[in-house]
Every structure is written in structure tokens, then in C-alpha cells.
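Here's a quick briefing on some aromatic rings and a couple of helices. Have a look at the model first, then read on.

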Amino acid sequence: MAAPARSGVWSETAGDPGAPLVVVVHGSMDRSAGLLRLSRRLDASHRVLRYDRRGYGRSADVGPPWTVDANIDDLEALLCTDTPEPAVLFGHSFGGNVALGLAARRPELVLAVVVYETPLSWLDWWPGNSAGAAAMAMDDPGDAAEAFMRRLVGDVVWERLPASKRAERRAEGAAMVAELADLRRIAPWDATCISAPVLALHGEHAGAHHRRAMTGMADMIAGCRSVMVSGAGHAGPHTNADDVAAAMSPLLASLSGDRVASAG
């Protein structure tokens, strides 16, 4: 079922209405459709909520501000219905910082967090030649969005897109530039405030900076484990959805077991 959230962002929920809730949060220059494969692998045993973040896809007209805090506000609004419901949060790339930000802000709403190659751009060692940094160096947000997409999907894929789709993606450049700049400005979450278990995933073919971030997160956040997903790169949740879902499975199963025990 699709509906606008209280924040105005577009969202859709699938799966058994009585099952535990998982919310998937996409990265920069993506939209909820990019996590559809992963969502379908999870909704066999869970209810999955996916949404287009502000500035992207069907939420392209939401914002500014395009900041991490504003994105956390949107995620909080999705969960704070008339009967607030705790959920497992999955965040890909930038989306992981949104998930961790809500876990720090509203721990009672978060059962666990799974992040996949989430950038720690505010840290001194984060490279200045990442895809985001290279795009932000451009004067025009549309050019920045195109450069980011070309680097992620390749020139051939980009040029095969219909002109209307290329225009849509270029229009998302303003949100991308603003949110990535904000992520470099200040840490969006306090590790000491995160009490939920955290699973930090990276692909076998991850860039060195993403690998360092995900393995190092286990030292930053109490109760965090780091796991490698074989055969995957940065787009693992898109291209290797089965493997990412399998990596999440032990954590989800343990939470389901806890739920049954509590009900008993």
C-alpha cells in the first residue's frame, strides 16, 4: 500500500501486516526502487516499508532543507504513526547515516540497524576523491548529479537512459550536493547514544575507504558487528540482494526469536 507520510515523502509497505517491520533507506542519487529486490527478499517473513527520501523520485518536491537531520525527521515521521512501532532499519550508503541518526535520537523506535557501505565523510581520513567529493567539486548541481551517476553506473548505462530520465536525475543534483555537503560538515549521530545492535556490511569489492568505515564501525559503536558480502561491490543491495538478505538473516532471526519469547 502506497501513501504519503506525515513528512510528505512517498512510501510503500508490503508484506504480512502482522509481521515485524523493516524500513529500507536508500542512498544518494537513488530511490526506493533501487532497494526493491532486497525488499522482496525480506517481505516473505517481514513487513517492509520503503520510501523515496526527500529530493528524490516521488519525493522530489520535498525539501529543502536537504540535510541529514531533515532526513532523520522524515524517517521518524514514518515510524511515529498513531501507534509508534519499533523497526529494523536498513540503510544503504548515505541512507545508513539516516538510520543510525534515528537510532541515536529515538532508540525506542529502533530494534536494530543494518548499514551497507555507509560513508563517514566527516572524519579526517575520508578521501577527497570519492564519487561524492568529485561531484561536489562541480559548479552546477545537475552536472554534479550526472557525474555521480556516470561514475556509479558507467557512461554506457547513463547514455542509454531516455532524455526525460536523465533530466529527472540531473534535477536531483541539488538534493545530492546539499546532503553530501552536510554529511561532511558534522557527525550526524553520536555512537554512545546507539543502544540497538548494528550490523555493518561491506562488499568483497568495496573501496578501501568503505571497507575501513564498516570494519571500523565495530570499534565505534557498542554491539556492532562487521560482515563482508562475497562478490558484492558498493551497489550490493541492488546487484547482490540475495547475499545481502542472507547476511541480514541471522540478526533478523534473533530479533524474531526475542519477539516470540517476549510474547510468551
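Which residues of α2 are buried? They are Val 68, Ala 70, Asn 71, Ile 72, Asp 74, Leu 75, Glu 76, Ala 77, Leu 78 and Leu 79, where buried means under 20% relative accessible area, exposed over 50% and partly exposed in between (1.4 Å probe, protein chains only).

Before going further: this is a predicted model, so local features need pLDDT of at least 70 and side-chain atom pairs count only at pLDDT 80 or more, while totals for chains, interfaces and linings use all residues. Residues are numbered from 1 along each chain as its sequence is written, and side-chain values use heavy atoms, with hydrogens and water left out.

- With 10 of its 12 residues buried, α2 is largely enclosed by the rest of the structure.
- The cover over the buried residues of α2 includes β2 (10–14), β3 (21–25), β4 (47–51), β5 (87–92), α3 and α8; contact here means heavy atoms within 4.5 Å.
- Helices (H or I, at least four residues) and strands (E, at least two) are DSSP runs, numbered from the N terminus.
- From first C-alpha to last, α2 (residues 68–79) reaches 17 Å, close to the 16 Å expected at 1.5 Å a residue; the expected span is 1.5 Å times one less than the number of residues.
- Helix α3 (residues 94–105) should span 16 Å too, and its end C-alpha atoms are 17 Å apart, which agrees.
- α3 is mostly covered, with 11 of its 12 residues buried, among them Phe 94, Asn 97, Val 98 and Leu 100.

**Aromatic pairs**

- The whole structure holds 2 aromatic pairs: rings of Phe, Tyr and Trp (its six-membered ring) pair if their centres lie within 6.5 Å, and planes under 30 degrees apart count as stacked, over 60 as edge-to-face and the rest as tilted.
- Trp 122 and Trp 189 pair edge-to-face, 5.6 Å centre to centre with 90° between the planes.
- Trp 122 sits in the loop between β6 (110–116) and α4 (131–136), and Trp 189 in the loop between α8 (173–185) and β7 (198–203), so this pair ties together parts 67 residues apart in sequence.
- Both Trp 122 and Trp 189 are buried.
- Trp 125 and Trp 126 make a tilted pair, because their planes are at 50°, with ring centres 5.6 Å apart.
- Trp 125 is partly exposed at 27% relative accessibility, whereas Trp 126 is buried at 7%.

**Charges over rings**

- Arg 212 puts its charged end over the ring of Trp 125, 4.0 Å from the centre; that calls for NZ of Lys or CZ of Arg within 6 Å of the ring centre and within 35 degrees of the ring normal.
- The charged end of Arg 58 sits over the ring of Trp 10, 3.6 Å from its centre.
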